[in-house]
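Please read it alongside the coordinates.

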Amino acid sequence: MSPGGRAERLGFLRHSIAQIEAGTPTPARRADGWLCEVLPTSAGDAPAALAFALQLAHRRAGATGAIVWISDEMTLAQRGLPYAPGLAAFGVAAAQITLVRTLDARAALLAMEEALRSPGPAVVLGEMWDAARHFDLATTRRFWLAVRAGGGLGLLLHPAPAPGPLSTAARERFEVRAMPGQTSPSARQTRNAAPADLSGDAPDAQRGLRPVFGAPLWQVRRLKGQGSTSSGETINLQREFSGVALSEPQHPRRARR
Amino acid sequence: MSRYLSLSIRAAPAAKAGQRLTPARLADWCRRFTPLAATDAPDGVMLDIAGAAHLYGGEIALAVDIEQRLAAWGYTARAALADTAGAAWVLARFGEVRAAPPGGDEKTLRRLFGPMPVAALRLAPATVYGLSQTGLKRIDDLLFRPRAPITARFGAQVFVRLDGLMGRLRHPITPRFEAPPYLVERRFAEPLLQREAIERVLAGLAINLTQQLERHGEGARQIEARLYRVDGVVRRVAAAASRPLRNPAALARLLRERIAALCAQHEDPLASDYGFDVVQLTVLRAEPLQSTQPTLTPTQPALTPTPANHDSATAPNLAFAKLAPEQLHSEDLADLVDRLGARLGWRRVLRFRSNDTHIPEFAVTGVAACSPMQLHEHRRGSVSASSTSLAPNLAAPARPIRLFERPEPVEALAEVPDGPPRRFRWRRVLHEIAAMEGPERIAPEWWKAQSQALTRDYFRVEDVGGQRFWLYREGLYGAETGRPRWFMHGLFA
């Protein structure tokens, strides 16, 4: 072997060792695998729960990471199809999403495990009708093992609140409730100004009092989690929950180090 | 006459119509000999064996082989060979020899076909009768006749057929399926029975196939495995990929997924009492695929931080930002999408495509993730995504996050027929409206002549519980309809 080639190889070896010691994740593996569960407080809050899950997805996937969205036909019929122009408002672009429509629960579970195991998608969003029954401890344990191997973020979305206590292997569980929307200051001003202008006209004034449709607001409870945050806390979240102390999922092994 | 009762006789239903060997099924089976096989109604099959016969020990041996195989299934068949399709047709039905001499001149052909009856020209019975009435009974009688009077009386078809027979005109055959751009196959003296053996053969064929693909710088988008059962049934397993593929393991895995999916639907393609004696693997659609240089280092050298100025917190993010979207939609993702597509069927694995329309349900549609225009759309979508995520705004989103495939009728109560709703009942639940915004009027596409659609007035409404809906009223009150109807079209977060 030529001296130059030897030096090059040694340099590469040193570089690799330094990288391993520093524990730098390679670009391909963005972060550790994580499994979250998101539930609505009532069946009507399901879109709010989805939006919250999308926010979590956006944090992990960024603007370009791939999101695999797996849903069974029953959920899509009852809750509607994902609508790309609306998703864009939550930072998730249509191009990031691959939608998998499965005929039944069995195919959905199979696709979810497959997707979680793959290192390709940054986020796997799985929803299923009667999720409380299908996402049982054994299934979610399999999901957890799969997502640890794949290194993505798994989001299990329930279309309705659980009828009983849940026992799953998900690392975190959130419960989301839709709140009356928050209007922007400018919108509030026009609303307050309206009755003064039209004080003489009673029906118009009434109509003017009606608040306009504002930015969405949710109440999020963290029912299960790890780390210092106690479970059961409640936070009100706006659409971009910037500044909210929602702890980033941290793997225990890395936290110890 | 005597009768007796035999207890050992077991009755079985006659072969179903689906199992009978129709010309189409026979043509499919004949593709084990050559890729170009055409049905020849009502009772024949035409094969183009140019360049294929030597694989079976010559043309005569091939014809004998086909006859013997069909005879083994109880069919009487007659195979004949000639330079043109017309001559082969005549020889198979009227000829005394099996093959016309290849490249034969006019004299030889005349000696061969001259004594045959005019019916060999495959003419309508009335024409054959008419010709025989005039004394023209054999092909010899027609060969040197002046053409004009016969054409005037019996039509041009007579001499078109005659020229086809004598090799002056060439009629191409119309194969049932196009010849695939790539085909590899393996033949066995003894039929394969075991599933594992067949899968191993397919995996081996995938390696041969990728070698061919590599030589031409192409990748497979659509592949098909064909399994020829010894009793004449052909099983086909097709799989598609979302990008050109040249990895033998990936190709074999796609087929395995597809076979598993078919087994789940109780249509096991490998189930066989007889076994398969020919296994083919073909590429139905290929696309150019550049070879990529495999990197020597586990990560991209330019993206990894050097040990000297290493910062563990920011380095991965920087590396992440530098990667192009195409790289992020990595090989792994495409692999997953392909496997899911093979397992669940491609109409269940979708990506979104935006369309140039204002009608909400058509503005974005799901298309199969393996459809060809995907890459271009992808890039365009990524650009718009980054622009929206960079500029967050506090305003309420204009479009819902979920849209019902079919808008659901609701009972809405408005103060005036063309005013905003006050309350509505949807899925038997009464919702009191607390806030709303609208209308957003979306007119139907009047430039399309058949459009019977009505104008829609969309309202974004929020009920007292904070749940948000996208309602619309169909039809302009007074102008289009006297009773506007209300529909629930989507849900806001």
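This is a predicted model: local features need pLDDT of at least 70, side-chain atom pairs count only at pLDDT 80 or more; totals for chains, interfaces and linings use all residues.

Residues are numbered from 1 along each chain as its sequence is written, chains are lettered from A in the order in which they are written, and side-chain values use heavy atoms, with hydrogens and water left out.

**Chain A overall**
- Chain A holds 10 helices and 9 strands. Both are DSSP runs, numbered from the N terminus: helices are H or I of at least four residues, strands are E of at least two.
- Of its 257 residues, 50% are buried (under 20% relative accessible area, 1.4 Å probe, protein chains only).
- Take contacts (heavy atoms within 4.5 Å) between residues of chain A at least 6 apart in sequence: 77% join residues at least 24 apart.

**Nonpolar cores**
- A nonpolar core is a set of buried Ala, Val, Leu, Ile, Met, Phe, Trp, Tyr and Cys residues joined through side-chain atoms within 4.5 Å.
- The largest has 71 residues, and A:Ile70, A:Leu155 and A:Trp218 have the most contacts inside it.
- Helix α2 (residues 46-61) of chain A gives the most to this core, 10 residues.
- Another core lies apart from it, with 31 residues, including B:Leu227 and B:Leu254.

- Strand β4 (residues 97-102) of chain A pairs antiparallel with strand β7 (residues 349-354) of chain B over 3 bridges. Pairing needs at least two DSSP bridges.
- A:Leu99 stands opposite B:Leu350 in β7(B).
- β7(B) also runs antiparallel to strand β8 (residues 364-368) of chain B, through 5 bridges. There, B:Phe352 has B:Gly366 as its bridge partner.

**Helix α10 of chain B**
- α10(B) (residues 248-264) has 17 residues and reaches 24 Å from first C-alpha to last, close to the 24 Å expected at 1.5 Å a residue. The expected span is 1.5 Å times one less than the number of residues.
- Its buried residues include B:Leu251, B:Leu255, B:Glu257 and B:Arg258.
- The buried residues of α10(B) pack against α5 (105-117) of chain A, and against elements of chain B including α9 (195-216) and α13 (331-344).
- At the helix start, a side-chain oxygen of B:Asn247 comes within 3.2 Å of the backbone nitrogen of B:Ala249.
- Just after α10(B), B:His266 has a positive phi of about 60°.

Conventions: A polar contact is a pair of N or O atoms within 3.5 Å; within protein, one must be able to donate a hydrogen and the other to accept it, and residues adjacent in sequence count only if both atoms are side-chain atoms.
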